[in-house]
Amino acid sequence: MSYELGMLLDPALHAFARTGVDLPLLEFGVYASPRPAKCPENVVKVQTDLSPAWTLERYTSAFDRAKSFIEAGDCYKVNLTFPMAVHCDGSARQLYDALCAHQPVPFGAFIETDHHTLLSRSPELFFKIDAEGCITVRPM
């Protein structure tokens, strides 16, 4: 589920949805089970160049606005993120392996489809369903 899907489901958030994003709003994969990933022993060093899409002034403005929402009691938590352009001199898999080696987290994913590649390194469990149907979530 993309962030844009949530923004399109809530009329109050429609104005904030990004346009021109070349990703599906919702995509499912059906697998027998996840394969535990192991970080490779010999990781190829990759060089990355990160370029934030927001200026410091734009971030400061968004931060101040989020803080005012919390102070007013309109919400209790804000996940303030911004897009970044990333240029990497290695493959997506090499970048994921380098992240795995330097960012140990309990949950990660490397998913390649016909139209995009997803790299995720996360400390939070989105959800887990046990054999009895009990759902566990562990957000940040």
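## Burial and the basis of the model

Buried means under 20% relative accessible area, exposed means over 50%, and partly exposed lies in between (1.4 Å probe, protein chains only). By that cut-off Leu125 is buried, because its relative accessible area is 10%. This is a predicted model: local features need pLDDT of at least 70, side-chain atom pairs count only at pLDDT 80 or more, and totals for chains, interfaces and linings use all residues. Residues are numbered from 1 along each chain as its sequence is written, and side-chain values use heavy atoms, with hydrogens and water left out.

## Overall build

The chain has three helices and six strands. Helices (H or I, at least four residues) and strands (E, at least two) are DSSP runs, numbered from the N terminus. Along the sequence their order is α-β-α-β-α-β-β-β-β. The radius of gyration is 18 Å, well over the 14 Å that the globule rule gives for 140 residues, so the chain is more spread out than a compact globule. That radius is taken over C-alpha atoms, and the rule is 2.2 Å times the number of residues to the power 0.38. Along the principal axes, the C-alpha atoms fill a box of roughly 50 × 45 × 30 Å.

Of the 140 residues, 13% count as buried. Contact means heavy atoms within 4.5 Å. Among contacts between residues at least 6 apart in sequence, 43% join residues at least 24 apart.

## Surface and charge

The chain exposes about 11700 Å², and carbon and sulfur atoms supply 58% of this area. Accessible areas come from the Shrake-Rupley method with a 1.4 Å probe; for residues, only the protein chains shown count as cover.

There are 12 positive and 17 negative side chains. Lys and Arg count as positive, Asp and Glu as negative; His and the chain ends are not counted. The centres of the two sets lie 5 Å apart. Each charge is placed at NZ of Lys, CZ of Arg, CG of Asp or CD of Glu.

Helix 2 covers residues 56-71. Its 16 residues should span 22 Å at 1.5 Å a residue, and its end C-alpha atoms are 22 Å apart, which agrees. The expected span is 1.5 Å times one less than the number of residues. Gly73 follows helix 2, with a positive phi near 80°.

In helix 3, the residues Leu95, Tyr96, Asp97, Ala98 and Cys100 are buried. The buried residues of helix 3 pack against strand 1, strand 2 (84-88), strand 3 (107-112) and strand 4 (117-122). Asp97 sits in this helix, residues 92-102. Its relative accessible area is 16%, so Asp97 is buried. Beyond neighbours within four places in sequence, Asp97 contacts Pro40 and Val43.

## Leu125 in strand 5

Leu125 belongs to strand 5, residues 125-129. Leaving aside neighbours within four places in sequence, Leu125 contacts Phe107, Thr136, Val137, Arg138 and Pro139. Phe107 is 18 residues from Leu125 along the chain, with 6.7 Å between their C-alpha atoms.

## Two loop residues

His14 lies in the loop between helix 1 (3-9) and strand 1 (48-52). His14 is partly exposed, with a relative accessible area of 40%. Not counting residues up to four places away in sequence, His14 touches Met7 and Leu8. The C-alpha atoms of His14 and Glu4 are separated by 8.8 Å.

Asp89 is in the loop between strand 2 and helix 3. Asp89 is exposed, because its relative accessible area is 51%. Not counting residues up to four places away in sequence, Asp89 touches Val46 and Gln47. Lys45 is 44 residues from Asp89 in sequence, and 9.4 Å away C-alpha to C-alpha.
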